[in-house]
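Hi,

Here is the structure I said I would pass on. Have a look at it first, and then read my notes below.

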Amino acid sequence: MSIFKTKFGGFLLILALLAVWEVAARSGVVASVSFPPFSKVFVAFANLMISGKMVVLVLPSIERLVIGYALAVVFGVSLGIAMGYFATVYNIFEPLTEILRPIPSPAYIPIAILFLGLEDTMKIFMIAFSCFFPILLNTYSGVRSVDLIQINTARTFGLGAGAIMRKVIIPAASPQIFTGMRVSLAISLIMVVISEMVASIDGIGFFILNAERSFRVLEMYAGVITLGLLGYLLNWLFVRFERRVLHWNFDATRREQL
Amino acid sequence: MSLISIRNVGKTFGDFTALRGVSLDVEAGTFVSMVGPSGCGKSTLLQILGGLLPASSGDIRLKDTPVTGPPREMIYVFQQYNRSLYPWRTVRNNVAFGLESTGIGGVEIQRKCAEYIDLVGLSGFEHHYPHQLSGGMQQRVAVARALARNPEVLLMDEAFGSVDAQTRAGLQDLLLRLWREYRFTVLFVTHDIDEAIYLAEKIVVLSASPATVRTAIATELGYPRHQVTTRESERYLAHRRHLYSLVFSDSAADPALVTA
């Protein structure tokens, strides 16, 4: 059937689930003050948007996310390239990253609070730290797996080490670098919420937890929906950027799949 | 003085000896094919010659200058065109890749790209990406990229080994036409004895691993060559018989200095 060929069916499913939510809450099948109908949540969400309160809420979170994520990209890609290119750097840092990486990032929050306090510095550090590892890993494995023939082609044309890095290794590794950046984008949203729930007086994470604690259930749900939309928006922007930079890779891999 | 002089070159990888005592001279402007049993070290020798791999022993000179890295005058063309072309660059920018490191200006680069893309018959495909082209067209891009540098020596490593027979015949004739026009020197490594005879003036036969030069044969088939008539000629068939028996017999000859 034609609805399965586009995402139209997928949007219908979302609408259907929202309808089930609405009916379940209104009919009293699930009767609880903690479970208001979606329409009321939507009104609360719309009020937050129209009043401009949402912007004030989300802006500090976005600021932390962007700064933390940008730091992770800069440091992750730089060290990743050095680790991928120089065996010595790889041998020095690889065991350390393998030990640090499996520890869930939220476990570092208490330590970060001890050293950096409760302010933005701690939150930005936590976001940057958590986003750092997927970018680092993907960058160095991308650099290490650059085809030797691509490098030897550059050598036969007389390119030096710097030019080979710029014109061959970085473009060749970029699809994998982007994979790491995509994974980290999701992590950045998780970490901004967690760090704001643990210690904050503003931001969307603080808002959701605070709404729950003061029994403003509608606002709590509205906050969660906001996060869903924010995550969707960030991913949409990322994919647009990725397609722009890596269009050659999208086209090439699509052809291989045919 | 020969353009290329290889003296007593050896190459070992750990315990494995790939080349032993290889000596060979190549005169400027000649078309030389190198054949030998598979895995005998033909490509290793070519990579050492191109400065992509250091020799373990011996001496390689290009115009009496020792080869220590990739020399400007030599361009290496790989068999794996799909891995040698850069997928993020269009046809034109792949051809431009080899020119960007020469210090010539952007306008001149554009002019040369157009000229050499036209020479290999790919005008109109300048803005295509490699994955949008067939294998034969991709290898033509690689040939255009190499020739745009005006190399004195073209090192071709099984360059037409990954395309179908018809495309291969087309690439062979294209290469011969360009060689006759520009008179660069070609060292063409191939496992295909027929291809070696069809293309070359001189054929160097390597022994089984560790490779040494067994013999060199002048084809004396004249140019231009023709895919049908050349391959039917008595002399061609005689070379074919001789070379097949040489390559498939395992007796190693004394490493002798051979002038190709």
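One convention before the rest: when I give an angle, axes are lines fitted to C-alpha atoms, for helices over the stretch in contact, and the angle runs from 0 to 180 degrees between N-to-C directions. Please also keep in mind that this is a predicted model.

With that in hand, start with helix α1 (residues 42–49) of chain B. It lies across β3, β7 (153–157), β8 and β9 (202–206) of chain B, and runs at about 150° to β8(B).

Those strands belong to an open sheet of 6 strands in chain B, ordered β6-β7-β8-β3-β9-β10, with mixed pairing. Which strands sit at the edges? They are β6 (74–77) and β10 (213–218) of chain B, each of which pairs on one side only. From one strand to the next, the twist averages 15°.

Now chain B as a whole. You'll count 9 helices and 11 strands in it. Its radius of gyration is 18 Å, close to the 18 Å that the globule rule gives for 260 residues, so chain B is as compact as a globular protein of that length. The C-alpha trace of chain B spans about 55 × 45 × 35 Å along its principal axes. Of the 260 residues in chain B, 46% are buried. Taking the contacts in chain B with a separation of 6 or more, 72% are between residues 24 or more positions apart.

Over in chain A, have a look at helix α10 (residues 217–245). This helix has 29 residues and reaches 42 Å from its first C-alpha to its last, close to the 42 Å expected at 1.5 Å a residue. Which of its residues are buried? In α10(A) they are Glu219(A), Met220(A), Tyr221(A), Ala222(A), Gly223(A) and Thr226(A). Their cover includes α2 (38–51), α3 (53–85) and α9 (204–213) of chain A.

Finally, the place where the chains meet. Chain A puts 16 residues into the contact and chain B puts in 19 residues. On the chain A side, α7 (148–156), α8 (161–198) and α11 (247–257) each supply at least two residues. The largest share of that side, 6 residues, comes from α7(A). By class, the chain A side has 7 nonpolar, 5 polar and 4 charged residues.

Cheers

Definitions and conventions. Residues are numbered from 1 along each chain as its sequence is written. Chains are lettered from A and ligands numbered from 1 in the order in which they are written. This is a predicted model: local features need pLDDT of at least 70, side-chain atom pairs count only at pLDDT 80 or more; totals for chains, interfaces and linings use all residues. Helices (H or I, at least four residues) and strands (E, at least two) are DSSP runs, numbered from the N terminus. The expected span of a helix is 1.5 Å times one less than its number of residues. A residue is buried if 20 or more other C-beta atoms lie within 10 Å of its own, exposed if 12 or fewer, and partly exposed in between; C-beta atoms are placed from the backbone. Two residues are in contact if their C-beta atoms, placed from the backbone, lie within 7 Å. Ala, Val, Leu, Ile, Met, Phe, Trp, Tyr, Cys and Pro count as nonpolar, Asp, Glu, Lys and Arg as charged, and the others, Gly among them, as polar. Two strands pair if DSSP finds at least two bridges between them. The radius of gyration is taken over C-alpha atoms; the globule rule is 2.2 Å times the number of residues to the power 0.38.
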